[in-house]
Amino acid sequence: METKFVASCLKIFLLIYSFAFWSTGVILLAFGVWGKLTLGTYLSLLAKNTADVPFVLIGIGTMIIIFGLFGCFASCRGSPCILKLYSLFLSLVFLIELVASISGLLLHRDIKDRFLKIYTNAIQNYNGNDKKSQAVDQVQYGLMCCGVKNYKDWNDNPYFLNHGIPQSCCKDETDCNLPDLHNLTTAATKVNKRGCYDLMIGFFEANMAVIIGMLFTTTFSQLIGIRLSCCLSRIIMTQRYKRCVKSSKRNSLLQE
């Protein structure tokens, strides 16, 4: 009777866990989509593996949603084989998330030096047409900034000789003409003076910290699910063994 009560409690706990697990998948999927839409421009200025971060979150989130639903089914069904399979799935997700979390943490630490180098290079090679140039414009529009450290960084760019500082630096485009943008002294009153580097790093690190925190929390929560599914599987098998033993004893007595 006591074993049956424990099994029922474990089923309820595993069902609650599976639903919570499914919910974290939905959250990670939402973060991935949001990251692609919001951080996509900033990530495109970095290395390719960095730009893939939102897709990693979308992939992990989708996988967790599927396994979370399977966990709810496994909890209700109470089959030892299905519970063991669920435990195996959770172990797989745990390893994938652990690798993704550690990679994100390493990337988070390395982001400052990498971004300074790549963003400086993007500004020096800015031509107003390619994808890197469009990404620079979107950053300057979005964060209302100009250059790496400040607007004077554009003075070293070949683009400046023909076009001046890009329009994306302007406080008000209607009050920003070509002669103004060619003259750094006049441009000082027309463009955003803040550099993009500090603003970009602050914005990126704040959002990456949330994403990495979510990943680590979700990662180590898998251990709870693995433990619950293994314990429930073992108890159900124990119950079945005891029933088999009782049944065999009853049959033996009847035969006698």
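Phe13 is partly exposed, its relative accessible area being 49%; buried stands for under 20% of relative accessible area, exposed for over 50%, and partly exposed for what is in between (1.4 Å probe, protein chains only). The model described here is a predicted one, in which local features need pLDDT of at least 70 and side-chain atom pairs count only at pLDDT 80 or more, while totals for chains, interfaces and linings use all residues. Residues are numbered from 1 along each chain as its sequence is written, and side-chain values use heavy atoms, with hydrogens and water left out.

Phe13 sits in helix α1 (residues 2-38), and together with Ile12 and Ile16 it forms a nonpolar patch on the surface, with about 320 Å² of accessible area for the three together. Patches of this kind are built from residues with over 30% relative accessible area and no salt bridge, nonpolar side chains (Val, Leu, Ile, Met, Phe, Trp, Tyr) being joined within 5 Å and like charges within 9 Å. A salt bridge, in turn, is a side-chain nitrogen of Lys or Arg within 4 Å of a carboxyl oxygen of Asp or Glu. Accessible areas come from the Shrake-Rupley method with a 1.4 Å probe, and for residues only the protein chains shown count as cover.

Turning to the overall fold, the protein has 10 helices and 0 strands, where helices (H or I, at least four residues) and strands (E, at least two) are DSSP runs numbered from the N terminus. Of its 256 residues, 42% count as buried. The protein exposes about 14000 Å², and carbon and sulfur atoms supply 64% of that area. Among contacts with a separation of 6 or more, 75% are between residues 24 or more positions apart, a contact being heavy atoms within 4.5 Å.

A search of the whole structure finds 3 disulfides, each defined as a pair of cysteine sulfur atoms within 2.5 Å. With bonded cysteines counted along the chain, they follow the pattern 1-6, 2-3, 4-5. In the disulfide of Cys145 and Cys196, the sulfur atoms are 2.1 Å apart. The torsion about this S-S bond of Cys145 and Cys196 is about 95°, so the disulfide is right-handed. Cys145 lies in the loop between α6 (131-143) and α7 (158-163), and Cys196 in helix α10 (residues 196-255), so the pair ties together parts that are 51 residues apart in sequence. Both Cys145 and Cys196 are buried.

Cys146 is joined to Cys169 by a disulfide with an S to S distance of 2.1 Å. The torsion about the S-S bond of Cys146 and Cys169 is about 90°, and the disulfide is therefore right-handed. Because Cys146 lies in the loop between α6 and α7 and Cys169 in the loop between α7 and α8 (178-182), the pair ties together parts that are 23 residues apart in sequence. Cys146 is buried at a relative accessible area of 0%, and Cys169 also counts as buried at 0%.

In the disulfide of Cys170 and Cys176, the sulfur atoms are 2.2 Å apart. This link of Cys170 and Cys176 is left-handed, with -95° about the S-S bond. Cys170 is buried at 8% relative accessible area, and Cys176 is buried at 7%. Elsewhere, the sulfur of Cys72 has its closest cysteine sulfur in Cys76, at 6.8 Å, which is too far for a bond. Cys81 counts as exposed, at 63% relative accessibility.

Met144, in the loop between α6 and α7, has a positive phi of about 50° although it is not a glycine. Most residues other than glycine have a negative phi. Asp175 lies in the loop between α7 and α8 and counts as partly exposed at 41% relative accessibility. Leaving out residues up to four places away in sequence, Asp175 touches Asp180 and Lys190. Asp175 and Lys190 are 15 residues apart in sequence, with a C-alpha to C-alpha distance of 7.3 Å.
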